Amino acid sequence: MSFETVENVLNINTDAIMTLAMASILLLIGYAIKNRVNFLAKYCIPAPVIGGFIFMFITFAGHTTGTFTFNFTNTFQDPFMLAFFTTVGLGASFSLLKKGGILLIVYWLCAGVVSIFQNIIGIAVGTAVGLEAPYALLSSAISMIGGHGAAGSYGSTFESLGYSAAMGVGAAAATFGLISGVLVGGPLGRRLIVKYDLKPEEHQANYDDIKSVNAAGKEPLSALDVIKNVVVIIVCMALGTMVSGWVSKLIGMSFPNYVGAMFVAVIVRNLNDTFHFYKFSFPLVDGIGDVMLLYLALALMTLKLWELASLMGGVLLIVICQVVFIVTVSYFVIFRILGKSYDAAVMCSGLCGHGLGATPTAIV
């Protein structure tokens, strides 16, 4: 880290290691605050987002007052992001998906159609208010369904194309979606259950052992087992990057590396479930994924908030339209498609969380 004064402004320059160290501290600060503020825990706001946003406002204060500025070397953001999505892919077990049955397939198809309409709404409203298409998309399915993870990944891609505020727009939209998804999901599900006097089925044998699929093994992992799990993550990252490169050449446009990494990780996980090449540990991989969320802290702490000012009005209008759309289509359409049952009501409640704030709010 070095300090120099340029035109009465203190410039704080950090190399890649110092930038990562600062992001790590922000991650711990985020967890500490989240554990003490019920609102943040209730609405599943990620700890790196909390810490990153705090530092983002600090840099904004320095810019506004003209007293100091940070110049970061942000080398580790992309590798950490790639590792995080690889751990997500390793958590996808076909044996777990099969337990959802036909209803899960129907829900999956509905969610896909809903995401298309979300993007149509985003582009339509964005065009009407003069918001550029990448920012409109970042206020739509990318950040709503993808959450902060996808917002960060696609935001990074859009930034490389010249849209400097992409990361901030995605983070803002994803945060709004997290909160709104939890606010509307529970009441909507309760309204459907009460209105139609719905009751859960007495026999749910297919769902009794869902948690067992990713449960920790009884035997502790050896050091070699830990190494094997880490090596698999790294190899999936490497192969996934190659796959994304091939797809990019095939379609003639940029294809996110993290999608290729997730795809490879899903294949590796399910092959291992069948052939048992190594002792896979979901708790370990999930924990590594939590650490890799440092990429969110890195993304937000290096964000220049003042570059978002002119965009926030259009972004806010789009995300409000997204909330209205999800609530309306869940209540009047998806509930009927799923069979107007107790499970359908619960899944519509989850769709509000999934469609607006990614998986954490769907689970809530």
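This is a friendly dialogue about how to read some features of a predicted model.

Reader: I'd like to begin with the cysteines. How many disulfides does a search of the whole structure find?

Author: Here is the general idea: a disulfide is a covalent bond between the sulfur atoms of two cysteines. In this structure, the search finds zero of them.

Reader: Let's turn to the backbone. What is there to notice about phi at Glu-7?

Author: In general, most residues other than glycine have a negative phi. Glu-7 is not a glycine, yet its phi is positive, about 55°. Asn-8 also has a positive phi, about 65°, without being a glycine.

Reader: Where should I look for Glu-7 and Asn-8?

Author: Find the loop between strand S1 (2-6) and strand S2 (9-13), where Glu-7 sits. Asn-8 is found in the loop between S1 and S2 too. Glu-7 is exposed, with 75% relative accessibility, and Asn-8 is exposed at 71%.

Reader: Now a helix, please. How does the reach of helix H4 compare with what is expected?

Author: The idea is to compare the span from the first C-alpha to the last with the one expected at 1.5 Å a residue. Helix H4 covers residues 77-90, which makes 14 residues, and its reach of 20 Å is close to the expected 20 Å.

Reader: Is H4 mostly covered or mostly exposed?

Author: H4 is mostly covered, with 11 of its 14 residues buried. Among the buried ones are Phe-80, Met-81, Leu-82, Phe-84 and Phe-85.

Reader: You mention Phe-84. Which ring does it pair with, and how do I read the angle?

Author: For a ring pair, look at the distance between centres and the angle between planes. The structure holds 17 aromatic pairs. In one of them, the rings of Phe-84 and Tyr-295 have centres 5.9 Å apart and planes at 45°, so the pair is tilted. That pair links distant parts of the chain, since Phe-84 is in helix H4 and Tyr-295 is in helix H14, 211 residues apart. Both residues count as buried, Phe-84 at 16% relative accessibility and Tyr-295 at 0%.

Reader: What kind of pair do Tyr-278 and Phe-280 form?

Author: Theirs is edge-to-face, with 6.4 Å from centre to centre and 85° between the planes. Tyr-278 is buried at 12% relative accessibility, and Phe-280 is buried at 16%.

Reader: Which residues do ring pairs link into a cluster?

Author: The cluster is made of Phe-84, Phe-85, Tyr-154, Tyr-258 and Tyr-295.

Reader: Next, the inside of the protein. How many cavities of 30 Å³ or more are there?

Author: The count comes to one, with a volume of about 50 Å³ for the largest cavity.

Reader: Which residues line the largest cavity, and which helices supply them?

Author: To read a cavity, start with its lining and then ask where those residues come from. Here the lining consists of His-148, Ala-151, Gly-152, Met-167, Ala-171, Leu-296, Ala-299 and Leu-300. Helix H9 (147-160), helix H10 (166-195) and helix H14 (294-301) each supply at least two of the lining residues. By class, six are nonpolar, two are polar and none is charged.

Reader: One last feature, the loops. Where are Gly-339 and Ser-222?

Author: Gly-339 is in the loop between helix H15 (312-337) and helix H16 (342-363), and it is partly exposed at 48%. From Gly-339 to Ile-54 there are 285 residues in sequence and 45 Å in space, C-alpha to C-alpha. Ser-222 lies in the loop between H10 and helix H11 (223-251), and it is partly exposed at 34%. Ser-222 and Gly-146 are 76 residues apart in sequence, with 35 Å between their C-alpha atoms.

Notes:
Residues are numbered from 1 along each chain as its sequence is written. This is a predicted model: local features need pLDDT of at least 70, side-chain atom pairs count only at pLDDT 80 or more; totals for chains, interfaces and linings use all residues. Side-chain values use heavy atoms; hydrogens and water are left out. A disulfide is a pair of cysteine sulfur atoms within 2.5 Å. On a 1 Å grid over the protein atoms alone, a cavity is a set of points where a 1.4 Å probe fits but cannot get out, and a pocket is an open set with protein on both sides within 12 Å along at least five of seven lines; lining residues have an atom within 4 Å of a point. Grid points are joined across faces, edges and corners, and a volume is the space filled by probe spheres set on the points. Helices (H or I, at least four residues) and strands (E, at least two) are DSSP runs, numbered from the N terminus. Ala, Val, Leu, Ile, Met, Phe, Trp, Tyr, Cys and Pro count as nonpolar, Asp, Glu, Lys and Arg as charged, and the others, Gly among them, as polar. The expected span of a helix is 1.5 Å times one less than its number of residues. Buried means under 20% relative accessible area, exposed over 50%, partly exposed in between (1.4 Å probe, protein chains only). Rings of Phe, Tyr and Trp (its six-membered ring) pair if their centres lie within 6.5 Å; planes under 30 degrees apart count as stacked, over 60 as edge-to-face and the rest as tilted.
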